[in-house]
Amino acid sequence: SSGMKRLLARLKPGSIEDLIAILALYRPGPLQSGMVEDFIRRKHGEADIEYPHHTFEPILKPTYGVIVYQEQIMRMCHEIADMSMAEALSMIKAISKKKEEVIARSKERFIRGAAKKGVEEKTAIQIYDLIMHFAGYGFNKAHASAYAFVAYRTAYLKAHFPTEFMAASISCEMGSTDKVVELMEDCASMGIEVLPPDINESGLDFTVIAEKVIRFGLGAIKHVGTGAARQVIDERAVNGPYKSLFDFCERVDTKEVTKGATEAFMKAGCFDELPGHRSQLLAVLETALKAGAKARRDREMGQTGLFGPQVAESPEERIRQNLPDIPPLSPMELAGQESEALGLYVRHDPLQEHRKALGRLTSNSSDELENLKDGTRIVVGGIIEKLSKRRLKDRGQMGIISLLDIAGRAECIMWPETLEKHLAILEEGGVMLFTGSVSHRRGTSVVADRVFPITDSTGELVESIVISVSCEETNGRIWQDLHDILSENEGPAPVFFDIKTSGLVLRCRKGNGKGAKASEQLAKRIENQTGEGSVHFQIRPPEGERKKKYRRKKHA
């Protein structure tokens, strides 16, 4: 987490003991009590290290005199009051659960045992009070140690073998699409490329094929069992790469690699590097499977042609003779198939041409919704992956929309009156903007009340236009060009300039009080002058329409 990163940067750990301690201390109690500050300052020599009693130095030295662990408290009770470890642990549990009777008995036992060791009653009481204070904060060291060693080892591997580490991490999460997407985004931020699956290169898991390059695993493709994936890989290892779809169908065992599995491989893009484009391969799949089955039967029976063995046709010739002359699939169709087979997009990004516009025209992305308060008005946007309808008793149909945006996925709910009003423009594959309110009632979703096509939304959503310009990089010619562009696109949205220089930002409103008509075309023209990412639309989510009230009927 960002908090742990900041803490580690201040701590500058130099040993495994430091890592164990910081994991034990990174909890609300120690953070709020000042224990963490004491620990860091003492480690760096900014504060004196003090011990409650001279016998505690060997116990508290690894933690700079700060009582961090339950085990330290147990040893202190043993050293001072001659308590057994079991008695000390019972005392700690009683303190943490505030069991007054047990605490009183433990205090008497502690003072009595300390007296036998020659410790004055006043000193014993002071030490016991100190233990009382820290027992609520003490963490189990054995637990923290196990986590620290795992953290240290994984951090080492991520730092020194990042590609291998990320390939292993994604492979461990292949059953969770959301985790795979999250880890693939981490790969992108680390400069690691994740390639789509390939029938001749993919292994069962995600595998490293070059420095900073990972290949998608066949085992992560939906509707493909582990047995089918292993059969494809084993056959390839024995007899070499597959040369075409027909070659593949002749060689694999169709009892394991069924028609459904082969189609899933195809939709995932596994055959995209072989001859023929995907629409052609899908069209001849049935033919290829039948030809492959016949070739295997003939081979098993030892059957040859009437006049002896014939020279086999080249894969290229067979493809040329069998593939139909049909147009390739559109990028949106390819993206849809990839999403169906993988649960995510690797090669074909359906939002590629809309990412900038969505970034400008939405107030929040899907990964921010959980942290927003219930009822917050927002604008979200993306591609409609799925539109489901559910009939409500006496109220018509409600809509449940799975929305893919630039950060992930979100759920949008539309009540019957809203769905009916906007149904004509709602279709799977469409890129839309939704205004509504955040709801955490049953999971996190957006209760939408307005829908806008992304190409026809700026007038109602954009409150103002902000253009960032750098004093050092801006000259008179650029200002004149901006004036001309804005004059040609006069409209209702006020225009502001964020003028940046020497670490300062001065916001000024465009002179003469005239605004501009916000659009993606306008933003692109301005960014040609001031640089990519310099135009920002401030979004104003419109208020939702008044909802009809429905009374729930009571049934006997």
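**Helix α4, selected residues and overall form**

Colleague: Which residues of helix α4 (residues 35-43) are buried?

Modeller: This is a predicted model, in which local features need pLDDT of at least 70, side-chain atom pairs count only at pLDDT 80 or more, and totals for chains, interfaces and linings use all residues. Buried means under 20% relative accessible area, exposed over 50% and partly exposed in between, with a 1.4 Å probe and protein chains only. The buried residues of α4 are Met35, Val36, Phe39, Ile40 and Arg42.

Colleague: Within what arc do the buried residues of α4 fall, seen down the axis?

Modeller: The arc is that of the directions from the helix axis to the C-beta atoms. The buried residues of α4 line one face of the helix, because their arc is within 170°.

Colleague: Which elements are included in what covers the buried residues of α4?

Modeller: Contact means heavy atoms within 4.5 Å. Helices (H or I, at least four residues) and strands (E, at least two) are DSSP runs, numbered from the N terminus. The cover over the buried residues of α4 includes α1 (2-11), α2 (16-25), α3 (28-33) and α9 (121-135).

Colleague: What is the phi of tyrosine 64, which is not a glycine?

Modeller: Most residues other than glycine have a negative phi. Tyrosine 64 lies in the loop between α5 (57-60) and α6 (70-81), and its relative accessible area of 16% makes the residue buried. Its phi is positive, at about 60°.

Colleague: Is aspartate 82 buried or partly exposed, and at what relative accessibility?

Modeller: Aspartate 82 is in the loop between α6 and α7 (85-96). The phi of this residue, which is not a glycine, is positive and near 60°. Aspartate 82 counts as partly exposed, its relative accessibility being 46%.

Colleague: With which residues is histidine 354 in contact, leaving aside its neighbours within four places in sequence?

Modeller: The loop between α19 (331-342) and α20 (355-361) holds histidine 354. This histidine is buried, because its relative accessibility is 18%. Leaving aside those neighbours, the contacts of histidine 354 are Val431 and Ile454.

Colleague: Which residues does lysine 389 touch, not counting those up to four places away in sequence?

Modeller: Lysine 389 belongs to strand β4 (residues 377-392) and is partly exposed at 44% relative accessible area. Its C-alpha atom is separated by 49 Å from that of glutamine 32, which is 357 residues apart from it along the chain. With residues up to four places away not counted, lysine 389 touches Gln397, Met398, Leu419 and Leu423.

Colleague: What is the radius of gyration of the protein?

Modeller: The protein contains 24 helices and 14 strands. It is more spread out than a compact globule, because the globule rule gives 24 Å for 556 residues and the radius of gyration is well over that value. The radius is taken over C-alpha atoms, and the rule is 2.2 Å times the number of residues to the power 0.38. The radius of gyration is 33 Å.

Colleague: How far apart are the centres of the positive and negative side chains?

Modeller: Lys and Arg count as positive and Asp and Glu as negative, with His and the chain ends not counted. Each charge is placed at NZ of Lys, CZ of Arg, CG of Asp or CD of Glu. The protein has 78 positive and 78 negative side chains, and the distance between the centres of the two sets is 7 Å.

Definitions and conventions: Residues numbered from 1 in each chain as written. Heavy atoms only, no water.
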